[in-house]
Amino acid sequence: MAGDPAKDTAFSLAHISDPHISCIGDIRVGQLLNKRLFGYLKWRLHRRAEHRDSILSALQDDLSHSNPDHIAVTGDLTHLSLPAEFRKSRQWLESLGTPARVTVIPGNHDTYVKTVWQQTLAHWTDYMVSDETDQDNDSATNFESIFPSLRVRGRIALIGVCTAHPTAPHLAVGRIGDIQLQKLETLLASTAKRHLFRVLMIHHPPAPGIVSWRKRLTDAAALRALLARYGAELVLHGHAHKIDQCYLKIPGGRIPVMGVPSASALGRTPQRRARYYTYYITPGASDWRLRLAGRVYSPDENRFIPEHEHQL
Ligand SMILES: [Fe+2]
């Protein structure tokens, strides 16, 4: 981004989500004797034509050129929570950057069914854990010991929340839970005192009306109450697989709540086509400046191209 002084001095944060990396060609019948059968059938009927590895390759190329300071990945890296999908998504994460440069939270598809941690989510531990932690890949064995997470880069605080848990076959709901909400309250307060730019990463959108009842965040109201009390500067989410940009009104201001389509989607409508957004965050005299630059996948060119850019 040379040539634009505002961008050159800003912290650049790229947001991508929902790649739905799959290994369905290798699936064994025994792995389908649960909720996975529904996801597998959905994949055969629709999603295998929608989510493409070639788009993820184009994304990787584009990110290597745009070279953001940090990359936020807001869940659903896998499709059926298969161990092979976790191994493949680990390789994909490594292609994006080191665990210090890439922050990951899980989505509902990453807990599609109950799995063995060491065979699945343990593959991402170093991309999920907080900076100040004594956890390594062996000691972190569940979400409760990791989330909410806190990573600080310069004056940017990346706060990760986990909403993922296995659900009934017809549901894709998320839940934060009381214990995580209590810890989150402490994190939001402490990072506010440090005057950091707080980016809340969450898979399920916390604003009402974005997804259907069966895909909702069940304790969204409790999160919104926390945000009203302690604030945040930006909320990034996935899950909806379409462009979603709104504001959450809080006393004395509003918080941008930004969703991005799946990173691997061809898109049955232009609103659902693969995109990523880069946020340029600059401290001002009394406030922050936040600029968004979008890049969208072009099927004709098989690459990502500039879409729009504006101030938030
Ligand atoms: Fe998803």
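Two strands count as paired if DSSP finds at least two bridges between them; helices (H or I, at least four residues) and strands (E, at least two) are DSSP runs, numbered from the N terminus. On that basis, strand β6 (residues 197–202) pairs with β7 in the parallel sense over 4 bridges. This is a predicted model, in which local features need pLDDT of at least 70 and side-chain atom pairs count only at pLDDT 80 or more, while totals for chains, interfaces and linings use all residues. Residues are numbered from 1 along each chain as its sequence is written.

**Sheet**
- The open sheet has 6 strands in the order β4-β5-β6-β7-β9-β8, with mixed pairing.
- Its edge strands are β4 (149–153) and β8, each of which pairs on one side only.
- From one strand to the next, the twist averages 20°; axes are lines fitted to C-alpha atoms, for helices over the stretch in contact, and angles run from 0 to 180 degrees between N-to-C directions.
- β4 and strand β5 (residues 156–160) are antiparallel, with 5 bridges, and L150 has I159 as its bridge partner in β5.
- Helix α6 lies across β4, β5 and β6, and runs at about 175° to β5.

**Strand β7 and its partners**
- Strand β7 (residues 234–237) is covered on both faces: L234 and L236 are buried on one side, V235 and H237 on the other. A residue is buried if 20 or more other C-beta atoms lie within 10 Å of its own, exposed if 12 or fewer, and partly exposed in between, with C-beta atoms placed from the backbone.
- V199 has L234 as its bridge partner in β7.
- β7 also runs parallel to strand β9 (residues 253–259), to which 3 bridges join it; the partner of L236 in β9 is M258.

**Helix α7**
- β6, helix α7 (residues 220–230) and β7 form a right-handed β-α-β unit. Right-handed means that, with the strands pointing away from the viewer, the path from the first strand over the helix to the second runs clockwise.
- A220, L223, L226 and L227 are buried in α7. They lie on the same side of α7 because they cover an arc of only 120° around the axis, the arc being that of the directions from the helix axis to the C-beta atoms.
- A221 and R229 are exposed, on the face of α7 turned away from its buried side.
- The buried residues of α7 pack against α6 (178–193), β8 (244–250) and β9; two residues are in contact if their C-beta atoms, placed from the backbone, lie within 7 Å.

**Nonpolar core**
- The largest nonpolar core has 74 residues, and those with the most contacts inside it are L59, I159, V161, V199, M201 and V235. Such a core is a set of buried Ala, Val, Leu, Ile, Met, Phe, Trp, Tyr and Cys residues joined through C-beta atoms within 7 Å.
- Apart from neighbours within four places in sequence, L59 is in contact with I16, A263, A274, Y276 and F304.

**Loop residues**
- P68, in the loop between α3 (53–66) and β2 (70–74), is buried, with 22 other C-beta atoms within 10 Å.
- The C-alpha atoms of P68 and Y279 are separated by 9.1 Å, although these residues are 211 residues apart along the chain.
- The peptide bond from F147 to P148 is cis, with omega near 0°; P148 is in the loop between α5 (125–128) and β4.
- H20 is not a glycine, yet has a positive phi of about 50°; H20 is buried, with 26 other C-beta atoms within 10 Å.
- S81, also not a glycine, has a positive phi of about 60° and lies in the loop between β2 and α4 (83–96).
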